[in-house]
Amino acid sequence: MANIDICGKQELKSVLERFRPERDQLLPILIDVNRKFGFISPEAMMEIAEFLDIPVAEIHGVMSFYHFLGTEKKGKYVIRLCKTISCEMAGKERIVRILEKELGIKFGETTKDEMFSLEFTNCIGMCGESPAMLVNEKVYTHLTPEKVIDIIDELRKRG
Ligand code: FES
């Protein structure tokens with residue numbers, strides 16, 4: 001087996017044991033590994049490829065199609081700010097600035113303590129209440145810089 005430093009060899013093995021070693025199991029395996037570790041490391045991809053006896057390139061192909069399958073470790077709270085037109089026009093840039101200032105990172109990055117990641121997303125269907133963002137699965141709307149500060153404070157308290 002390939003060396004799995006980042007996400008735990010034994011834990012990955014226990015995930016794979018729940019599946020048949022057949023190609024049609026690829027997506028369910030990727031979803032499970034992503035859920036368990038928060039991302040799918042290159043080492044995990046190699047293990048999965050070996051388990052299913054498929055090329056690693058096939059895993060890359062599936063992962064590039066499903067954007068929720070990440071290749072890098074993300075924070076406990078993944079903040080996804082809508083970058084589509086209604087939110088853009090409703091002051092998205094102000095929200096970008098306050099998020100980056102409050103968290104000390106840029107979009108596309110994760111804080112050192114692995115608490116927060118910042119990403120953009122396309123429209124999340126809340127255009128009438130823009131600007132809007134998701135924190136993991138929770139939706140926040142009518143964002144203002146003050147509201148964003150309160151949300152971050154609340155998440156930090158929650159830990
Ligand atoms: S454009 Fe942002 S929620 Fe639709």
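In the predicted model, I48 counts as buried because 23 C-beta neighbours lie inside 10 Å, the threshold for burial being 20 or more. The residue belongs to helix 3, which covers residues 42-52. Apart from neighbours within four places in sequence, I48 is in contact with I29 and I59.

The domain assignment of the protein chain gives two segments, domain 1 at 9-65 and domain 2 at 77-158. Taken over C-alpha atoms, the centres of domain 1 and domain 2 are separated by 30 Å.

In soluble globular proteins, nonpolar side chains tend to be buried together. The largest nonpolar core in the model comprises 14 residues, and those with the most contacts inside it are I79, L81, L99 and M133. Two or more residues of this core are given by each of strand 1 (77-82), helix 6 (92-103) and strand 2 (116-121). Strand 1 supplies the largest share, four residues. With residues up to four places away in sequence not counted, L99 touches I79, L81, L118 and V148.

Four strands form an open sheet in the order 2-1-3-4, and their pairing is mixed. The edge positions are taken by strand 2 and strand 4 (138-140); each has a single partner strand, so one side of each is left without a neighbour in the sheet. From one strand to the next, the twist averages 25 degrees. Three bridges connect strand 1 with strand 3 (residues 133-135), and this pairing is antiparallel. Within it, I79 has V135 of strand 3 as its bridge partner. Helix 6 packs on the sheet, where it touches strand 1 and strand 2, and the direction of helix 6 makes about 160 degrees with that of strand 1.

Several backbone features occur in the loops of the model. The peptide bond that joins S130 and P131 is cis, with omega about -5 degrees. P131 is placed in the loop between strand 2 and strand 3. In the loop between helix 6 and strand 2 lies E114, which has a positive phi of about 60 degrees although it is not a glycine. E114 is partly exposed, because 13 other C-beta atoms lie within 10 Å. H142 is also not a glycine, and its phi is positive at about 50 degrees. This histidine is found in the loop between strand 4 and helix 7. H142 is exposed, because it has 12 other C-beta atoms within 10 Å, and a residue with 12 or fewer is classed in this way.

Helix 7 (residues 145-158) has 14 residues and, at 1.5 Å a residue, should span 20 Å; its end C-alpha atoms are 20 Å apart, so the two values agree. Just after helix 7, G159 takes a positive phi of about 75 degrees.

Note on methods: Residues numbered from 1 in each chain as written. Predicted model: local features only at pLDDT ≥ 70, side-chain atom pairs only at ≥ 80, totals over all residues. Expected span 1.5 Å × (residues − 1). Core = buried A, V, L, I, M, F, W, Y, C linked by C-beta atoms within 7 Å. Contact = placed C-beta atoms within 7 Å. Domains from an automatic or database assignment. Pairing = 2+ DSSP bridges. Axes fitted to C-alpha atoms, helices over the stretch in contact; angles between N-to-C directions.
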